[in-house]
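Colleague: I have a few questions about the terms you use for this model. Could you take me through them?

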Amino acid sequence: MSFNVLNILYYLAVILLATKGIGIFARRIGLPQVVGMVIAGLLIGPAIFSQIDSIGFNGLINPSEIEMDVLRSFSQVGVVLILFSSGLETDTKELGKSGFAATMVAIMGVVIPIGLGTVIAALFMGGLETLRDHETLMNALFVGCILSATSVGITVETLRELGKLKTKVGTTVLSAAIIDDVLGIVALSLITSLDGDGSVGMTLLKSLGFFVVGIGIGFPIKYLFVWICKRYPHTRRTSIFALAVCFLYAYAAETFFGIAAITGAFLAGIMLSGIKDTDFVDKKVLTNGYMIFSPIFFAFIGISADFSAFKPSDLIFGLVFVAVGIIGKIIGCGTVARLCKYKTRDSVTIGIGMIARGEVALAVYTTGHSLIKASGGINPLIATIMLIVISSILCPVLLKLVFGSHKHEDSHQTKLHDVNTEVREGGY
């Protein structure tokens, strides 16, 4: 079967125009642009309109199977670039000195939501006893894993607006959010590796092997990158070299270790972070990614959505999923903060600062959604979109409320990780 390349050009034009337009509208009403881009995919594709027989309209684009494969390939490049950029923006020095409290907050911010999400998914798929079945267990664990990610960008902008970015609480939230994403991606890799007949021991061994090899090879690559940056500063060749490393890490992670490709891309970004031309490379990656590949990734989620088996219980599951995702972060992160001698009000603030979800949650969904079998009885796409929308609204609102009730500001200062939010959440 062949395809007409002109159709692909038409699809790309429609996707870019729709994601840009609806993304800007979403931003103006207070939502992340990524939500607008996913909704754009739903509106231009066959997901919604094909369910209405009376109108005889299947969307502005209705790709064939082979054309969907082409768009899927573009989208996979997009998600790899998103995670590579996240790795480049990770402040490894800040992680090194973030301290025990931020690390424990991050760990519980992953463990508790995944645990609660797994239980809730199992209940909707037939009860806790169904977790004895390997397929159901994988489905439930994957749904729980979606809840692990925290959107650093939304939290950064809110804390900066409130003037709390450099407080002790702000530092803890941001450090924990960064570690949280690392742990969430590792958890996703473990879960996807377990799909099939893989054993826990072998999965852990492969995961450990990937990080040992990736970091071991990464240091010589980093020194080579430093040399190139000194010899040819701010040149395109450094960005091309960095992208090559990103793609090789992504390929090797999944091909040789059975680890999600986005984990490889993320580790590649971390290995190349913190050096002279990192910001320059990151801007190039963001420009290229958000010009074409990333909008295709977000739109493809909506274009490929299948609502043929939609039922009211999907909305009920979505509401429960959102509630569990928010409560899990507040309880898990807030409780640990309290045990680490933070005041009760500060502990609650830390928990609230961790509830926002964004592009990483969508990346997790896209990477692992094939684990959800038809027999699972749930569709996590609607729940994931609801989670991003509701948490993105609640996080800044609740942070403003709790900070507004503070009687004094903690003056503890520290150097913070800064995220390129203008590109991610603003006018890319």
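Colleague: What makes the span of helix 11 agree with its number of residues?

Modeller: Helix 11 covers residues 236-257, and its 22 residues at 1.5 Å each should span 32 Å; the expected span is 1.5 Å times one less than the number of residues. Its end C-alpha atoms lie 31 Å apart, which agrees. Bear in mind that this is a predicted model, where local features need pLDDT of at least 70, side-chain atom pairs count only at pLDDT 80 or more, and totals for chains, interfaces and linings use all residues. Residues are numbered from 1 along each chain as its sequence is written, and side-chain values use heavy atoms, leaving out hydrogens and water.

Colleague: Which residues of helix 11 are buried, and how do you know that they are on the same side?

Modeller: They are Thr238, Ser239, Ala242, Val245, Cys246, Tyr249, Ala250, Ala253 and Phe257; buried means under 20% relative accessible area, exposed over 50%, with a 1.4 Å probe and protein chains only. They cover an arc of only 130 degrees around the axis, which puts them on the same side of helix 11; the arc is taken from the directions from the helix axis to the C-beta atoms. The face turned away carries exposed residues, including Arg236 and Leu248.

Colleague: Why are helix 7 and helix 16 called roughly antiparallel?

Modeller: Helix 7 (residues 134-146) and helix 16 (residues 359-368) pack at about 160 degrees, with axes 9 Å apart. Angles over 145 degrees count as roughly antiparallel, so helix 7 is roughly antiparallel to helix 16.

Methods. Helix = DSSP H or I, 4+ residues; strand = E, 2+ residues; numbered from the N terminus. Axes fitted to C-alpha atoms, helices over the stretch in contact; angles between N-to-C directions. Parallel < 35°, antiparallel > 145°, perpendicular 65-115°, else oblique.
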